[in-house]
Amino acid sequence: MRFMDNAVRFDRESNRIRVKYVLNIGGNDGIELKTVLQALDVVGILHYGLAKVADLIIKHVISPALNSGAPVSFVTEVNPDSQAMTEAILKIVPSNDPKIEKMDGETIYPRIIEVLKFIDKCICFQEGSWTRCFGRLTWPRISELIISKFLSKVVPQDASKLADFLKIINCTSEFETALREMKFISVSENKDNQLSSFAENVEVHFASRKKTEILGRARNLLLQCDFAISQENTSRKGKHDGAASNTPEDVDLLFLSERCVVSKAAIQLMKSVHETLKDVCLSSPRVALEFYRAARDVLLLYEVVIPVKLERQLDGINQVAVLMHNDCLYLSQEILGLAFEYRSDFPTSMKDRAVFVDMAPRFQLMGEEILQRQIQLVNHSLREALDGADGFQNTHQMQQFQSAKFSIDQVVFILEKVHIIWEPLLLPSTYKRSMCMVLESVFSRITKDILLLDDMAAEETLELQRLIHLMLENLTSLLGSLATLQVEKSQEGMTFLDDLIPSLRKIRKLAELLDMPLKAITTAWETGELRNGGFTSSEVEYFIKAIFQDSPLRKDCLWRIHGNF
């Protein structure tokens, strides 16, 4: 091996490969390089002897040949003496030739062939088996360098330039043919054809690059979008009549006769999907398949990127979470329409394979989960506010009344905040359903706390009634916004809103009961008025015992209520 190290060296100062044919090492003088190679071949370790030479050629010759930033050319010198050739040199010199600076097959491949011819003639002595051995050591790395440094960089940017790439395919095929002729690569082994395989699969590489670009743009779009909502949209106050239809965030829902506000990110994301699917309709089957997959992946990016990006906002009550809910609704609607819009123009092989409908439910589910999370956060805030009322006990005492009133004020503040956030952004039906769920929760909690009081003074009942009236009065705007969404009335003349929020009817009736005479309460039960208001017989009995002192009249009324159960 020392002979080989001494035979082929790279001179860094002169930037050249020097091959010595007569070797003198350790007292062994006049040993010829060819003799050394023959000996290595006989004992079956030729590949070991050539390994370091292969590394040297790759590092100092092939890599520079593929460096577009500092192009080089090669000059071969053979210095024979009077009797035999003693030395061969491959000079690596900087080049100012504009043809060499241009990275194309007509300039790169001849340079590499020149180097390999030098190796074949001056190192392997044109012995086919030796050249083939050197090729096995270097070709995997050479082909990988050619692909990464050259072929992958000249893949067309758009479909119109695919035809120009045919020249590179032809040059690549001619290059591999030349290598087979000098026995540098195998004639029969397909694994040595990786360059032509890559070039001939350029359609796939083109589609892969475009897919990467599409996904990169979509990802940057999602990361850069701030989900800010314009003042025009926040001031719409629930006017879902298209008044702000010219704003970029206001969109129609394909399968719902409603509009909603969505983020610019969602709109731009769908624009990217539509552009990609139009390319599917104009592409070959292989390219179309990659574009189809890119369109699906663009949609999935929203599911992956946005929840992480907006993680902190999703843990609070704010417009961003509502906007994300709307995005999911909008995307699910758009997804359902994609097949109807494009499938007929897809390549025939794609028509049965292209599916989008499976993605719509996941966005619907994500949107509903976000909304339910918002409702849970609101309910949690309301429960914390009501906990400060201490069950509305002893409200006839000033300190307890002030504490209860502060809790009611907090409840009203939270509900109005939610009203301001939700109404302009949510679909009317979604806003009504969600707000009714929240109001049902808070009204039922207040009603339950008051009905659980076991002893109420007359003054206390009046203060409780005052608190209920105060709360309902302060929620007039909110309740009115819900009432306008449902103007139909039942046969009894009661708005449908009372059926959506049963506890609203119950708390209103409770306010009446707090200053109602015992006989009137009993009559109201017997006529079914209290039962229709959501009261049970046990609740009415407990309420009477808490307000009225024990007496024959109370016993009679309790008996009548119990008997009418």
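Select helices α18 (428–451) and α19 (458–474): each supplies at least two residues of the lining of the largest cavity. Helices here are DSSP runs of H or I with at least four residues, and strands are runs of E with at least two, numbered from the N terminus. This is a predicted model, in which local features need pLDDT of at least 70 and side-chain atom pairs count only at pLDDT 80 or more, while totals for chains, interfaces and linings use all residues. Residues are numbered from 1 along each chain as its sequence is written, and side-chain values use heavy atoms, without hydrogens and water.

Next, display the lining itself: Phe392, Ile408, Ile446, Ile450, Leu464, Leu467, Ile468 and Met471. Helix α19 gives the most, with four residues. The cavity has a volume of about 40 Å³. A cavity is a set of points on a 1 Å grid over the protein atoms alone where a 1.4 Å probe fits but cannot get out; lining residues have an atom within 4 Å of a point. The volume is the space filled by probe spheres set on the points, which are joined across faces, edges and corners.

Move to strands β1 (residues 8–11) and β2 (residues 16–20), which run antiparallel and are joined by four bridges. Pairing requires at least two DSSP bridges between two strands. Select Phe10, whose bridge partner in β2 is Ile17. Between these strands lie four residues, and Asn15 in this hairpin takes a positive phi near 55°.

From β2, proceed to strand β6 (residues 85–94), which runs antiparallel to β2 through five bridges. Here Arg18 stands opposite Ile89.

Key: 1 Å grid on protein atoms, 1.4 Å probe; cavity = no way out; pocket = protein on both sides within 12 Å on 5 of 7 lines; lining within 4 Å.
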